[in-house]
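Me: I have a structure open and some quick questions. Can you walk me through a few spots?

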Amino acid sequence: MLAHKTLSDDLITEETFPIRHDWTKEEVSALFALPLPELMFKAQSAHRIYFDPTKIQVSTLLSIKSGGCPEDCAYCPQSARHEEKIKADRLMAVDKVLEKAREAKAEGATRFCMGAAWRSPKDHDLETVCAMIEGVKELGLETCVTLGMLNLEQTLKLKKAGLDYYNHNLDTSEEHYEKIISTRTYQDRLDTLAFVREAGIKVCCGGILGMNEDEIDRASMIKSLANLPKHPESVPINLLIRVKGTPLEDAETIDPLDFVRTIAVTRIVMPQSYVRLAAGRTEMSPEMQTLCYLAGVNSIFLGQRLLTCPNPEKSSDLTLFNKLGLRIADKMVEASA
């Protein structure tokens, strides 16, 4: 009997994992259906072609304006529409943000991300955010902001201020989207991403798992990300934090191996992107996180808070890194090709 032929029988090159923008849902679903050893091998092979698999890029995320958001995202405690919500506060002062950025740099972060709970920013607030971006850049950190929907004029202002990345997640599949959000459309999100690209800003865009979606939805979301005109430079994959008072507080828990499979498929179809293990790591065991790193994760958020939600202590991350032989990357680099 002939042995089962696997990818290991072939010479693995960049041609093995080409950069594509024409994925079908069926092709992505077929990756999900692979035996886990085969899927993990493909993911690790794709990872090694474009990145050093022992290095992890570290970012820090700060909420510069929390609560009071008019959107109705079912997962978010910052929505003003939910029964229990975070009290709205004012936009942070620039000097306070720069103080946090200095602390983040001292902790090893190479990118400083700033998030505001807005549907879209007002002009006077955008000017303040631009001052934050300029100040963070002067500290030698990469900058990223997430401010909601933007028009082209706003993205050009952010680019002029020196913004490196803009985060605007698709959240889920287009088919599942209306069950999660009704106050903006999927096309609204795609339009903002197009404006960001047109302005010459890099894209940070991913989704959230565990929102009662199924595997087909996960495949559809990844297909949508991979078929953008250019792959997002960063793809954050979040595990839903089920917050009391939000419509998804009783969402069904996703199986850890299903989460790992999603990471692996993301790595395979977007091999040049940084895949970030984002929110929800407090709900993951060290073993689950280890599988995520093996499946292609090469970026995390470091720090006790992610916007308004908890994040693992730095010491626990460093302990796991030491056990796995992983190192914090000293700077952000383009994927090798």
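Me: Which ring does the charged end of Arg 111 sit over?
Reply: The ring of Tyr 165, with the charged end 3.6 Å from the ring centre. A charge sits over a ring if NZ of Lys or CZ of Arg is within 6 Å of the ring centre and within 35 degrees of the ring normal. Before we go on: this is a predicted model, where local features need pLDDT of at least 70, side-chain atom pairs count only at pLDDT 80 or more, and totals for chains, interfaces and linings use all residues. Residues are numbered from 1 along each chain as its sequence is written, and side-chain values use heavy atoms, with hydrogens and water left out.

Me: What about Arg 20, which ring face does it lie over?
Reply: The face of Trp 23, at 4.1 Å from the ring centre.

Me: New topic. How many aromatic pairs are there in the whole structure?
Reply: Three. Rings of Phe, Tyr and Trp (its six-membered ring) pair if their centres lie within 6.5 Å; planes under 30 degrees apart are stacked, over 60 edge-to-face, and the rest tilted.
In one of them, Phe 51 and Tyr 274 have ring centres 4.8 Å apart and planes at 70°, so that pair is edge-to-face.

Me: Where do Phe 51 and Tyr 274 lie?
Reply: Phe 51 is in the loop between α2 (36–50) and β1 (55–65), and Tyr 274 is in strand β8 (residues 274–277). So the pair ties together parts 223 residues apart in sequence. Helices (H or I, at least four residues) and strands (E, at least two) are DSSP runs, numbered from the N terminus.

Me: Is Phe 51 buried or exposed?
Reply: Buried, with a relative accessible area of 9%. Tyr 274 is buried too, at 8%. Buried means under 20% relative accessible area, exposed over 50%, partly exposed in between (1.4 Å probe, protein chains only).

Me: Which residues does Ser 299 contact, leaving aside neighbours within four places in sequence?
Reply: Ile 56, Gln 57, Tyr 274, Val 275, Arg 276 and Leu 277. Contact means heavy atoms within 4.5 Å. Ser 299 and Tyr 274 are 25 residues apart in sequence, yet 6.4 Å apart in space, C-alpha to C-alpha.

Me: Where does Ser 299 lie?
Reply: In strand β9 (residues 299–301). Ser 299 counts as buried, because its relative accessibility is 0%.

Me: Last one. Is Leu 294 buried, partly exposed or exposed?
Reply: Partly exposed, at 42% relative accessibility. Leu 294 lies in helix α10 (residues 286–294).
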